[in-house]
Amino acid sequence: MDEELYQAFITESEESITQLNNSLLSLESNPDDTEAIDDIFRQAHTLKGNFGAMGFDNAATVAHAVEDLLDEIRHERLDVTAERMDLVFDGMDLIVDILHDIEENGESTIDPSDTVEEIRAAVEDGGDAGNSNPAASDEADRESVDLGSLAADCVDADALDATTLTHAHVELDAGQMKGVDAGIFLSSIPEDLDVVGANPPRDAIEDGEYGDGFDLFVAERDAAVVESELDGLWKVSAVETTDVSDALAAGDATATASDAPAADSDADAERDASAPDETEPSADADADAAGDTGADAATDEQAADDGSEGDADGAESTDGDGEDDADEGDGAEQKKEARSISAVKSVRVDVDQLDELHELVEQLVTSRIKLRNAIDVGQTTALDTLDELDKISSNLQNTVMDMRLIPLKKVFDKFPRLVRDLAREQDKRVSFKVEGADIELDRTILDEISDPLMHVLRNAVDHGIEAPDVREANGKSRTGTIRLSARRQHDTVIVTVEDDGSGIDADAVREKAIDKGVATREELDQMPDSEVYDYIFHPGFSTNDEITDVSGRGVGMDVVKTTVESLDGSVSVESDPGEGSTFNIRLPVSVAIIKVLFVQVEDREFGVPIKYIDEISRRDRVQTVNGAEVIVHEETIFPLIRLREALEIDSPEPDDGMVVRIRPDDRQVALHCDGVTKQEEVVVTPLQGPLSGVGGLSGTAVIGDGNVIPILDVSTLQLPADGEQAMREFDPSQLPDTAEEAAD
């Protein structure tokens, strides 16, 4: 198999499954959402066709069974219930497993029989009870079918006044690809035969969804002519025709003027009567169903805001402490997580960017030739050409980096289903909202951020959102809300997970920290709650005494902090007990090439990423507040970190120096150094092996002269104890009133 075609099949199938899951969530929350049901059938049809065309019949069989169940729902013969949607989602999960099996082994040996039988049973058991539409069943005994009613249901409204209408039952000697044979037959029907209706519908026939045969209705041609024209076409084994003009004329009035509205009313009443009450699960999704039928375009066109709301009949509700982490679970749970979150393996590139890249490469080659010739001519010409080469390489770098940027929706789109399933397992109702999914990140960062976000969302569902009865008793809506959002700020992206649950119990965190020996009671009692919350990121830390499939082992939130910091990012948590918690994850847009400010300490240079810097000033701005050295800015103090002490450089402190103030959103501190030298773009290499995790350092960079420059990690530089204490006790009224007082 062609490798490029194979990879395109894998990628398109994953995207189709993701959008199909989100459209199913929309249908679950709103069974009358016609856009969602249309999009579901487009995606399911594409998925089934792609698997069938590639020869993976097991996945195609599952997709076909799912499609049949959804068809019953679309025609209102079955209601949307949590149990039926569970079957649909089980089918989608099995398709994902088959797809991953294909990706790993080139084929799949997974047997879908059990799942397919369960889905088929739901179709047959539910469909028989509610199927009163003669046009809906191609398995019915044709002798018992009222052809007049069948015509009224199937024939186009514009053709109801035809003077002659012929019914033709056509049987095909179809092979294994029934849809292909039916499609060839339909396309070979002569143009002078006006086919005005079909049972089942024409698209279903082309999909192979018929028994031994199907029904066609032809206007303005008598039975003998129709039989003669159809007999002998592709794969036709038998044709039986009947003139139904009289039956149609007698039944049109009641079928169109009376029966349809009554049927609609009955269906509405039946849906109202059988609608799930508020204790049953549902899904709330703000998805914008895409109109493109292709799997490629469909995912890219999907709207950024998706959501799910659900509750289940499963696990006991926890006490809702938002600080508890979500663990990785057992082997089956890990497999489920791997199935939900996959790496970004392809990037779609705008044609204009490709043209620009091609043009820049041409310019680069031309400048390289000019530079070689200029070296022989003279230094001045060579320097001019070198400046030109520098400009071209910078543009080339920017273009390539932009091509690596991928919208967060590539990851965000996978989470509504995750939240929905967790909510059902925990017997909770959750409304999940997504904002800012169009914000872009480098592909490498996007791959790495999937697991941390998954852990934070699992934590929000399992420990943040309370059980419906608990929320109601506390005066809240029975349905909790989790909001996943992203926004761009300078060269960083801030991803926020916010819930309106129970919040974090700071005292419970203190007790657990004491039990684990992380800190003493005296230290914790002096800490404000906002600092205590950070202990939930400590390895093995969990306030949940009971280990479940979702949490309790104390590994999830540690993964969040470790992964985010390895990406040169930071994570923080805020909480209002009883009102909810907010996790903020700050990430660089790209980690490959960054601009740094070179600061000097003694005879050494260090790099500070420009994205973290808010201001550079002289040392004379340093003041003393509550016994600590600080920089004051807009009635806020920034405790001073002397790099000489933090980096343990043993040399005398000079009398002068420079101060670099860090943006408060990143860390509320200021760095003191001997001097500031230059700014430069560098390629950062993360610290590896024994050096990984060294406090205060995030990586190294090789500069033009060959020297290796350490890159500082402002989030882990050691802050003096008096600086921490000063921040806790700070009162803006302590600040000097005038500049003269500050100088004194």
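Student: Which residues lie nearest the centre of the largest pocket, and how many line it?
Tutor: Glu531, Asp534, Lys561, Arg667 and Ser715 lie nearest its centre, and 39 residues line the largest pocket. A pocket here is an open set of 1 Å grid points, over the protein atoms alone, where a 1.4 Å probe fits, with protein on both sides within 12 Å along at least five of seven lines; lining residues have an atom within 4 Å of a point. This is a predicted model: local features need pLDDT of at least 70, side-chain atom pairs need 80 or more, and totals for chains, interfaces and linings use all residues. Residues are numbered from 1 along each chain as its sequence is written, and side-chain values use heavy atoms, without hydrogens and water.

Student: Is Cys673 buried or exposed?
Tutor: Cys673 is buried, with a relative accessible area of 1%. Buried means under 20%, exposed over 50%, partly exposed in between (1.4 Å probe, protein chains only). Cys154 is buried too, at 12%.

Student: New topic. How many residues of α16 are buried?
Tutor: In α16 (residues 415-425), 10 of its 11 residues are buried. Among them are Phe415, Arg417, Asp421 and Arg424.

Student: What comes just after α16?
Tutor: Asp427, which takes a positive phi of about 60 degrees.

Technical notes
Helices (H or I, at least four residues) and strands (E, at least two) are DSSP runs, numbered from the N terminus.
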